[in-house]
Amino acid sequence: MTRFVALLSVLTLSLAACGGEDEKPAAAPPATTPTATPSATASTPAAPVTRTTTELTKALLELADLPTGFAEDKDEADEDAKPFSSSSSRCKTLVKYLNATKAPGSKASVARTFTGGQEGPYIDYGLDAMGTADEVTDLRDEYAEAVDSCAKVTLKTDGAGSTSMKVEKITAPQYGSKPFAFRLTGTSGPKRGLEYAAVVTGVDDVIISVGVLAGQGTELDPATEAAVTKARHVLKPA
C-alpha cells in the first residue's frame with residue numbers, strides 16, 4: 001500500500017554502499033507539474049470499474065516527471081518481507097498495511113520507487129485500482145483508524161537489529177479525495193531519527209499512495225500534487 005518494504009530495501013543497499021551512514025540527507029524535494037485546483041470530492045461510479053496494469057502504469061509518475069538528480073530503482077520488493085511488528089493487538093491492522101506491497105483488495109497495482117542519491121530522499125509512488133470510489137474511501141478510513149489506534153511499531157532490518165518507531169497522524173497534502181497522512185519516526189535503536197512520511201488519497205476508484213523515506217520534510221506535498229495531477233490527467237473517468 002504505502003510500500004515501505006520497497007523503500008526499506010533501497011535504503012539498506014544505499015547505506016551499505018556509502019559506509020552505513022544513517023543521517024537525514026540534504027536533498028531538494030521533487031518538482032511538481034502545473035496543475036489545476038484539485039477537487040476534494042470523488043465521483044462514485046454506478047458499477048465497479050475495471051482498470052488494467054497498463055492503464056495504471058501510464059498514470060504513474062516516471063523518471064521524466066521528476067527533477068534532475070533522481071534515479072529509478074528497478075528492484076522488486078520482497079513480498080515475503082515482514083519488517084514491521086508489534087506486541088499490541090491494537091497495531092495488528094497497521095502492521096498488516098505497513099508490510100503490504102499493494103493495497104488490500106486491489107484489483108490491479110503498479111508502483112515505482114525513486115532515489116535522490118545514496119543518502120536519499122527515497123520516494124515511492126503507487127496506484128491501486130479498487131473498483132469503486134467507495135472502496136477507496138473505506139480503505140482510506142480503515143488506514144486512518146489503524147494509525148489512530150497504534151502508538152508505535154517495531155522495525156527490524158537485516159543485520160541492524162530492531163528500531164522502535166513512533167506512529168503519528170500528520171496534516172495531509174490536500175490533493176485527491178479525502179487525503180490522509182502519517183509519519184513514522186525512529187525513537188530508539190539503530191535507525192533512531194529515521195523518518196518515513198506517507199499519504200493515502202484517491203482519484204475516483206484508484207488509491208494513490210506516496211511514501212517518502214529519509215527526506216527533509218518538504219517532499220510529501222509536491223510529490224503528492226504531482227502524483228494526483230498525472231493520475232487525473234491520464235485515467236479515464238470512472
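Trainee: Is Phe 114 buried or exposed in this model?
Mentor: Phe 114 is buried, with a relative accessible area of 0%. Keep in mind that this is a predicted model.

Trainee: How many aromatic pairs does a search of the whole structure find?
Mentor: The search finds six aromatic pairs. One of them is formed by Phe 114 and Tyr 125, which sit edge-to-face, 6.0 Å centre to centre with 65 degrees between the planes.

Trainee: What about Phe 182 and Tyr 196, how are their rings arranged?
Mentor: They are edge-to-face too, with 6.3 Å centre to centre and 70 degrees between the planes. Phe 182 is in strand S7 (residues 177–188) and Tyr 196 is in strand S8 (residues 195–203), so the pair ties together parts 14 residues apart in sequence. Both Phe 182 and Tyr 196 are buried.

Trainee: Switching to cysteines: how many disulfides does the search find, and which residues are joined?
Mentor: The whole structure gives one disulfide. Cys 91 is joined to Cys 150, with an S to S distance of 2.0 Å.

Trainee: Where in the chain are the two cysteines?
Mentor: Cys 91 is in the loop between strand S2 (84–85) and helix H3 (92–99). Cys 150 is in the loop between helix H4 (133–149) and strand S5 (152–157).

Trainee: Next topic, Tyr 122. Is Tyr 122 buried or exposed?
Mentor: Tyr 122 is buried, with a relative accessible area of 0%. This tyrosine lies in strand S4. A polar atom of the Tyr 122 side chain is 2.6 Å from the backbone oxygen of Gln 118.

Trainee: And how are Tyr 122 and Glu 72 placed?
Mentor: They are 50 residues apart along the chain, and 9.8 Å separates their C-alpha atoms.

Trainee: Now Lys 230. Where does Lys 230 lie?
Mentor: Lys 230 is in helix H5 (residues 220–234). Its relative accessible area is 14%, and because the cut-off for buried is under 20%, Lys 230 counts as buried.

Trainee: What is Lys 230 in contact with?
Mentor: Leaving aside neighbours within four places in sequence, Lys 230 is in contact with Lys 58, Ala 59, Leu 60, Leu 61, Glu 62 and Asp 65.

Trainee: How many residues of H5 are buried?
Mentor: Eleven of the 15 are, so H5 is largely enclosed by the rest of the structure. The buried residues include Leu 220, Pro 222, Val 228 and Ala 231. Among the elements covering the buried residues of H5 are helix H2 (53–59), S4, strand S6 (161–170) and strand S9 (206–213).

Trainee: What span should H5 have?
Mentor: At 1.5 Å a residue, the 15 residues should span 21 Å, and the end C-alpha atoms are 21 Å apart, which agrees.

Note on methods: Residues are numbered from 1 along each chain as its sequence is written. This is a predicted model: local features need pLDDT of at least 70, side-chain atom pairs count only at pLDDT 80 or more; totals for chains, interfaces and linings use all residues. Side-chain values use heavy atoms; hydrogens and water are left out. Rings of Phe, Tyr and Trp (its six-membered ring) pair if their centres lie within 6.5 Å; planes under 30 degrees apart count as stacked, over 60 as edge-to-face and the rest as tilted. Buried means under 20% relative accessible area, exposed over 50%, partly exposed in between (1.4 Å probe, protein chains only). Helices (H or I, at least four residues) and strands (E, at least two) are DSSP runs, numbered from the N terminus. A disulfide is a pair of cysteine sulfur atoms within 2.5 Å. Contact means heavy atoms within 4.5 Å. A polar contact is a pair of N or O atoms within 3.5 Å; within protein, one must be able to donate a hydrogen and the other to accept it, and residues adjacent in sequence count only if both atoms are side-chain atoms. The expected span of a helix is 1.5 Å times one less than its number of residues.
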